[in-house]
Amino acid sequence: MSFFDRCVEYDKLSIWKFPALEKSCLRDVKKATDESFKSFSREYGELMETIFDPLLYFLIWFEKLLNNTPWPIIVLIVGGLAYLGSRSWKLSAGAMISFLLIGYLGMWKNTMSTVALISVATLLCIVLGIPLGVWMSRSERVQRIITPILDIMQTIPIFVYLLPVVMLLGIGKVPGLIAVCVYAMPPIIRLTNLGLRLVDKDILEAADSFGSNYRQRLFNVQFPLALPNIFAGVNQTIMMALAMVVIASMIGVKGLGMPVLQSIQNQYLALGLMNGLAIVALAIIFDRVSQQYGKRLQRHREGGHDA
Amino acid sequence: MPDIKIQIKNLYKIFGANDKKMLPHIESGMGKTELLDRHAHVLALSDVNIDIPAKGIQVIMGLSGSGKSTLIRHINRLIEPTSGQMLVDGTDVLGMSDNELENFRRFKASMVFQNFALFPHKTILENGMYGLKVQGVKDEQAKPQAQKWLDRVGLSGFEDRYPAQLSGGMQQRVGLARALSTDADILLMDEAFSALDPLIRTDMQDVLLDLQKELHKTVVFITHDLDEALRIGDNIAILRDGEVVQQGNPQEIILNPADEYVSDFIQDINRPRVLQIGSIADPKNKSKGPSMDAETVVEDALQEVIATKAEGVKVTQNGKLIGAASLEQMIHAIARPTADKKGIESYR
Ligand SMILES: Nc1ncnc2c1ncn2[C@@H]1O[C@H](COP(=O)(O)OP(=O)(O)OP(=O)(O)O)[C@@H](O)[C@H]1O
Ligand SMILES: [Mg+2]
């Protein structure tokens with residue numbers, strides 16, 4: 001007897017009740033799936049962990065570095081980076097004041113953890129996402145395959161993919177990082193692809209007419225012209241990574257998300273608000289600075305006679 | 001017979017997914033509209049044969065959509081042909097490997113575009129250096145080389161600007177310098193001056209003619225403007241719906257338009273000011289009158305004839321008598337021809 005013959009009760013077919021699989025059969029299917037994934041994770045879980053070890057060490061190293069650096073230096077670095085990115089004293093001062101306030105309100109250590117996580121996650125997304133975007137821009141077929149995957153990554157309820165990640169890698173920093181990246185990587189891939197595709201065909205033709213090979217064309221012409229879009233992707237990736245901070249704390253990632261989670265469970269309004277606002281402050285700083293930087297990348301587009 | 005630099009042989013281009021399959025239809029006489037209606041393919045070039053001499057300016061003319069841009073892009077293979085040959089110095093560009101094609105584009109042919117197509121994120125100097133950088137030339141050498149050509153087209157002092165900060169005319173000077181800096185001996189210009197206003201356009205034509213006197217490149221120049229074609233072209237080929245309807249030197253085309261399309265094209269020109277007495281001189285004609293050089297335009301010759309009350313002019317080339325043109329012949333020549341072949345013959 002085949003699976004379907006066993007599981008569908010043909011004699012009870014009716015248009016009033018959907019002919020669903022019989023309960024026991026459904027249970028079998030689910031069980032089989034669970035079992036096979038569990039045995040997969042028993043078998044390969046450790047291997048996976050070793051694969052991700054370098055990432056873990058890097059994250060830990062970076063977090064330690066931030067925590068072991070004297071706070072005035074961190075504040076100065078924040079201000080300096082903000083200025084370098086945006087060329088605006090106001091933004092730079094705002095960033096420094098936010099960090100001072102965060103520290104004053106006792107959230108320094110958590111903030112450092114979150115900044116470390118976000119930085120490493122963003123870096124990982126860029127390192128993986130940009131080449132993927134380039135690949136996608138080169139071929140219609142690759143684009144057709146990757147686009148739905150990105151849609152799934154962005155729409156699938158986070159807990160659904162959190163579960164297998166946790167089953168495979170346990171609770172901790174690396175699964176948190178992966179969860180953040182799954183959610184935050186699509187924009188950088190999409191916008192890299194889009195940016196590269198939007199580059200003026202005439203300009204690419206000019207590059208071709210001089211005998212540029214693919215690499216010369218990509219790095220000298222296509223990439224620089226797509227940079228504003230790629231940068232918008234980086235900006236969105238950072239924002240989405242920050243949005244994941246609280247959820248990542250559910251699988252044991254330390255940082256500003258942890259207290260928020262606690263306050264939800266215990267109704268600590270002030271604690272939740274404070275840490276939530278700290279996350280918002282980080283988001284605003286990252287966003288403004290990276291947007292200003294992105295704008296500066298487009299300076300050449302301005303006409304006029306500023307020289 | 002001058003050296004042939006570029007030889008276009010039986011070139012066909014059909015746009016569409018199954019272009020090769022459409023070829024038999026065209027060869028058996030199907031036209032552009034029919035192909036589009038029945039098979040949804042666009043016939044862009046049909047059996048094009050042109051021999052382009054070395055060191056001259058070959059103009060390719062035609063109305064919008066006649067296939068000019070498509071044709072010039074076959075020379076450096078920015079567009080793949082459906083069938084045919086493109087021999088440059090005897091080598092078929094269309095049969096080159098990727099590597100050979102890259103080198104061909106780097107060293108042998110460079111291009112100037114209608115909408116300039118400068119690199120907006122690079123400075124003027126960096127734009128000028130692009131072709132050299134692609135060739136693998138180091139900065140120390142590329143910079144002075146590019147600078148030389150920027151100076152040559154009158155852009156000294158603008159090196160550090162960005163294209164968006166320059167006017168159209170200046171941008172196309174950059175386009176020209178960028179193409180010249182690779183020292184390629186073929187220069188492809190697709191309506192390079194069409195986007196410029198008339199005064200600037202004349203300026204640019206002068207720049208090109210000036211440079212050409214010194215550089216002797218093989219220039220393929222696309223335009224839909226007959227005045228421009230007559231001003232700079234040593235040879236003209238006229239395209240219509242992807243077919244060459246007439247080619248030859250400008251004087252021949254003006255005196256002997258091959259069909260209505262060509263005669264429509266040339267109907268607005270100022271014939272007395274364009275036609276040269278050399279092209280109407282008749283060795284058998286014995287008219288008495290002043291001697292004038294073959295390149296004198298009819299307008300000037302007529303003035304002289306009327307002033308001296310002569311029968312016509314004696315025509316000399318490099319000081320040697322090659323014939324004469326009577327007053328009547330000159331007047332016939334400046335009257336507008338009809339497309340009727342017989343009628344045209346009688347003007348001579
Ligand atoms: N990529 C393409 N796909 C389909 N048809 C094309 C394509 N490029 C050109 N064509 C068609 O080929 C024909 C020739 O076009 P082409 O651009 O060569 O004309 P042109 O003489 O340069 O015109 P213009 O003076 O407007 O620049 C036109 O009918 C055009 O519609
Ligand atoms: Mg064109």
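Which element of chain B gives the largest share of the shell around ligand 1? Helix 3 does, with three residues. Keep in mind as you go through the views below that this is a predicted model.

**View 1. Ligand 1 and the residues around it.** Here you're looking at ligand 1 with 13 residues surrounding it. The closest ones are Ser64(B), Gly65(B), Lys68(B), Ser69(B) and Thr70(B). Sort the shell by class and you get four nonpolar, six polar and three charged residues.

**View 2. Polar side-chain atoms beside the oxygens of ligand 1.** Start with Thr70(B), which has a polar side-chain atom 2.5 Å from an oxygen atom of ligand 1. Lys32(B) also puts a polar side-chain atom by a ligand oxygen, this time at 3.1 Å. For Glu191(B), the distance from a polar side-chain atom to an oxygen atom of the ligand is 3.1 Å. How much of ligand 1 does the protein cover? On its own the ligand has 640 Å² of accessible area, and the protein covers 61% of that. Two elements of chain B give two or more residues to the shell: strand 2 (42–53) and helix 3 (68–75).

**View 3. Where chain B meets chain A.** Now step over to the contact between the two chains, which takes 28 residues from chain B and 25 residues from chain A. About 2200 Å² is buried between them, and carbon and sulfur atoms give 59% of that area. Look for His121(B), Tyr130(B) and Gln165(B): this trio supplies 26% of the area that chain B buries against chain A, more than any other three residues.

**View 4. A salt bridge from one chain to the other.** Side chains of opposite charge can pair when their charged atoms come close. Between chain B and chain A the count is one salt bridge. In this pair, the side chain of Arg73(B) meets that of Glu205(A), at 2.7 Å from N to O. The interface also has eight residue pairs in polar contact.

**View 5. The side of chain B that touches chain A.** Which elements of chain B each supply at least two residues to this side? They are helix 4 (98–107), strand 6 (109–112), helix 5 (124–135) and helix 7 (168–180). Helix 5 gives the most, with four residues. By class, this side of chain B is made up of 13 nonpolar, seven polar and eight charged residues.

**View 6. A salt bridge within chain B.** Over all chains the structure holds 19 salt bridges, and this view picks out the one where the side chains of Lys5(B) and Asp89(B) meet, at 3.2 Å from N to O. Lys5(B) sits in strand 1 (residues 4–15), while Asp89(B) is in the loop between strand 4 (83–88) and strand 5 (91–92), so the pair ties together parts of chain B that are 84 residues apart in sequence.

Terms used. Residues are numbered from 1 along each chain as its sequence is written. Chains are lettered from A and ligands numbered from 1 in the order in which they are written. This is a predicted model: local features need pLDDT of at least 70, side-chain atom pairs count only at pLDDT 80 or more; totals for chains, interfaces and linings use all residues. Side-chain values use heavy atoms; hydrogens and water are left out. Contact means heavy atoms within 4.5 Å. Buried area is the accessible area (1.4 Å probe) that two parts lose on being put together, summed over both. A salt bridge is a side-chain nitrogen of Lys or Arg within 4 Å of a carboxyl oxygen of Asp or Glu. A polar contact is a pair of N or O atoms within 3.5 Å; within protein, one must be able to donate a hydrogen and the other to accept it, and residues adjacent in sequence count only if both atoms are side-chain atoms. Ala, Val, Leu, Ile, Met, Phe, Trp, Tyr, Cys and Pro count as nonpolar, Asp, Glu, Lys and Arg as charged, and the others, Gly among them, as polar. A residue is near a molecule or strand if one of its heavy atoms lies within 4 Å of it. Accessible areas come from the Shrake-Rupley method with a 1.4 Å probe; for residues, only the protein chains shown count as cover.
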